[in-house]
Structures are given as structure tokens and as C-alpha cells.
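Please look over the sequence and the model first.

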Amino acid sequence: MNETMQEILSYYKARGAAKDQQELTALLYEVQAHLGCVPDDVQRTIAEELGIRPAAIAALVRLYPSLQPAAARHTITVCLGPRCQNKASPN
């Protein structure tokens with residue numbers, strides 16, 4: 001974990017993020033602002049440092065649509081236009 005991440009984590013740990021969902025959510029948003037997403041390994045590290053279950057962190061990431069768990073490796077695009085539908089594509 002880099003120095004900036006450690007500073008973010010220690011700041012929110014001192015503010016009681018382990019017991020306050022609002023502080024924990026703010027921590028996750030700040031991590032996302034720094035990394036671009038909240039990867040699984042970072043979620044586990046946050047849980048270990050705060051002494052809470054990793055499932056609680058994962059649930060918050062799923063609860064808020066603006067929090068991204070990790071960058072996707074692939075993007076799938078499905079055409080829903082009339083030309084594709086005329087060629088018997090599934091809807």
C-alpha cells in the first residue's frame with residue numbers, strides 16, 4: 001500500500017470509520033478518487049485495518065452505484081438496433 005493510501009486510511013481510522021457508515025463510505029469514495037476504483041485487495045486491506053468484515057466493505061461498494069469495485073478487463077457491446085434485430089439477434 002502506498003503512502004497516500006496509508007494516510008487516507010489512518011485519517012479515517014482516527015475518525016472512527018469502523019463504527020460509522022457515513023465515514024466508511026467517505027473513505028471508499030476517497031480511495032476511489034485516488035485509485036479510480038476500489039479493487040478487491042484494497043477492500044480486504046481496509047477491512048483488516050479497521051477490524052471489520054470484508055463482506056461489510058463489499059456490501060457498501062455494491063450498495064452505492066457510483067462506487068466501482070474494479071476496472072473491467074473487457075467491454076461487451078450488444079447492438080439493439082433494428083438491423084441487428086432483423087437478423088434474428090436475441091433481444
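## Basis

The structure is a predicted model. Two packed helices are described by the angle between their axes and the distance between the axes.

## Helices α1 and α2

Helix α1 covers residues 3-14, and it packs with α2 at an angle of about 170°. The axes of α1 and α2 are 10 Å apart. Angles over 145 degrees count as roughly antiparallel, and α1 and α2 are therefore roughly antiparallel to each other.

On the α1 side, the residues that meet α2 are Thr 4, Met 5, Ile 8, Leu 9 and Tyr 12. On the α2 side they are Glu 23, Ala 26, Leu 27, Glu 30, Val 31, His 34 and Leu 35. By class, the contact of α1 with α2 consists of eight nonpolar, two polar and two charged residues.

## Helices α2 and α3

Helix α2 spans residues 21-35 and helix α3 spans residues 40-50. They pack at an angle of about 140°, and their axes are 12 Å apart. This angle makes α2 oblique to α3. The crossing of α2 past α3 is right-handed.

From α2, the contact is made by Leu 24, Leu 27, Leu 28, Val 31 and Leu 35. From α3, Val 42, Ile 46 and Leu 50 take part. The contact of α2 with α3 has eight nonpolar residues, with no polar and no charged ones.

## Helices α3 and α4

Helix α4 covers residues 54-63. It packs with α3 at an angle of about 130°, with the two axes 8 Å apart. That angle makes α3 oblique to α4. As it passes α4, helix α3 forms a right-handed crossing.

In this contact, Gln 43, Ile 46 and Ala 47 of α3 meet Pro 54, Ile 57, Ala 58 and Val 61 of α4. The contact of α3 with α4 divides into six nonpolar residues, one polar residue and no charged residues.

## The nonpolar core

Which residues of the largest nonpolar core touch the most other members? The core has 18 residues, and those residues are Leu 27, Leu 28, Val 31 and Ile 46. The elements that give two or more residues to this core are α1, α2, α3 and α4.

Leu 27 is in contact with Ile 8, Leu 9, Tyr 12, Ile 46 and Leu 50, leaving aside its neighbours within four places in sequence.

## Selected residues

Is Glu 23 buried or exposed? Glu 23 lies in helix α2, and its relative accessibility is 13%, so Glu 23 counts as buried. Not counting residues up to four places away in sequence, Glu 23 touches Tyr 12, Arg 15 and Ala 17. Thr 25 is also placed in helix α2. Thr 25 has a relative accessible area of 8% and is buried. Residues up to four places away in sequence not counted, Thr 25 touches Leu 60 and Tyr 64.

Asp 41 is in helix α3. With 46% relative accessibility, Asp 41 counts as partly exposed. Asp 41 and Gln 21 are separated by 20 residues in sequence and by 20 Å in space, C-alpha to C-alpha.

Definitions and conventions: Residues are numbered from 1 along each chain as its sequence is written. This is a predicted model: local features need pLDDT of at least 70, side-chain atom pairs count only at pLDDT 80 or more; totals for chains, interfaces and linings use all residues. Side-chain values use heavy atoms; hydrogens and water are left out. Axes are lines fitted to C-alpha atoms, for helices over the stretch in contact, and angles run from 0 to 180 degrees between N-to-C directions. Helices (H or I, at least four residues) and strands (E, at least two) are DSSP runs, numbered from the N terminus. Angles under 35 degrees count as roughly parallel, over 145 as roughly antiparallel, 65 to 115 as roughly perpendicular and the rest as oblique. A crossing is left-handed if the near helix is turned anticlockwise from the far one by less than a right angle, and right-handed if clockwise. Contact means heavy atoms within 4.5 Å. Ala, Val, Leu, Ile, Met, Phe, Trp, Tyr, Cys and Pro count as nonpolar, Asp, Glu, Lys and Arg as charged, and the others, Gly among them, as polar. Buried means under 20% relative accessible area, exposed over 50%, partly exposed in between (1.4 Å probe, protein chains only). A nonpolar core is a set of buried Ala, Val, Leu, Ile, Met, Phe, Trp, Tyr and Cys residues joined through side-chain atoms within 4.5 Å.
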